[in-house]
Each structure stands twice: as C-alpha cells, then as structure tokens.
Amino acid sequence: PEGAASGRSLTGEAPTTVLSDEDLVGDGMGLGDLRLWQDPITVDGRSGVKDGLLLIVAEPTDADPLVRRLGFIAFRLDDGSQLIAAVSAEYGEDGAPIAGGVPLARAVVGGTGDFIGAAGGLTITRVGDDDYRYAFDLIE
C-alpha cells in the first residue's frame, strides 16, 4: 500500500514520560512487576499517543547490578496507523531514566495502516531534562 515501510526515515518527539510502576508480585518492585507509561507524541507532524510496557525479567545481583526488562512501545497515530517497537533494556537498580544524549537502539517489529509490514530500527535519545526524540529507520 501507499506509504508502507520502504526504506524511509521518520522522527518523533514526546514530552516527559509519565511512569507508573505496578508492584504485582511481592513487596516492592522486582521480578514480574511492570512499568507502564503513556504520552502524547508527534511523528513527522502527525499527532498520536505512545504507550509503553516493561516487565522486570531479572533483578540485580552482586555480580550484575542491572535490572533487566523486556517490553513493547506502541506509537499510535490519530489516523489509526501504528508502529510497534520491541524493547530489551538494562537499567540501574534505582530505575533512573536514560542518560541525556545517549542514543538507545530498539527494534521496530511491526505496524498497521501507513506502516503495515514495518520493520527496522528505532533510536531513542533523551534531549534536555524531560523530552525524548525518536528516530525510525524503516525497511521493507
């Protein structure tokens, strides 16, 4: 279809991520618990919403002080088109946000509407104190 992923680049920006930590297992955030968020986003001038979900799959140990999380980010545009990114992330024990100016790579694993069949990469960069820039590099 017209507009389907075919080697194009897109950029997006979102304000501060509002996080909700959901303690589902045990006392305090740990294995099996969730981090959820939702923010307005603009992708190449098109508005929408960014939803995210991260599941804690490994807790820090003496040998490895990082918290490991797996999840997804859905970029839902107002016209119904979506881009879906998979996340495999490592965070410090305190769960601090990503460092400013340090790009993080994620995989684009699908899409709908204008992005049906999308695949490729997503680079997330924190800019300033509380904003994030998203750069999508899509392939067929």
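Tutor: A residue is called buried when its relative accessible area is under 20%, exposed when over 50%, and partly exposed in between, using a 1.4 Å probe and protein chains only. This is a predicted model, in which local features need pLDDT of at least 70, side-chain atom pairs count only at pLDDT 80 or more, and totals for chains, interfaces and linings use all residues. Residues are numbered from 1 along each chain as its sequence is written, and side-chain values use heavy atoms, with hydrogens and water left out.

Student: Is Y134 buried or exposed?

Tutor: Y134 is buried, because its relative accessible area is 3%, whereas D130 is partly exposed at 41%.

Student: How do I read a pair of aromatic rings?

Tutor: Such a pair is described by the distance of the centres and the angle of the planes. Rings of Phe, Tyr and Trp (its six-membered ring) pair if their centres lie within 6.5 Å, and planes under 30 degrees apart count as stacked, over 60 as edge-to-face and the rest as tilted. A search of the whole structure finds two aromatic pairs. In one of them, the ring centres of F75 and Y134 are 5.4 Å apart with planes at 70°, so the pair is edge-to-face.

Student: Which strands hold F75 and Y134?

Tutor: Because F75 lies in strand β5 and Y134 in strand β9, the pair ties together parts 59 residues apart in sequence; strands are DSSP runs (E, at least two residues), numbered from the N terminus. F75 also forms an edge-to-face pair with F136, at 5.0 Å centre to centre and 85° between the planes. F75, Y134 and F136 form one aromatic cluster.

Note on methods
Helix = DSSP H or I, 4+ residues; strand = E, 2+ residues; numbered from the N terminus.
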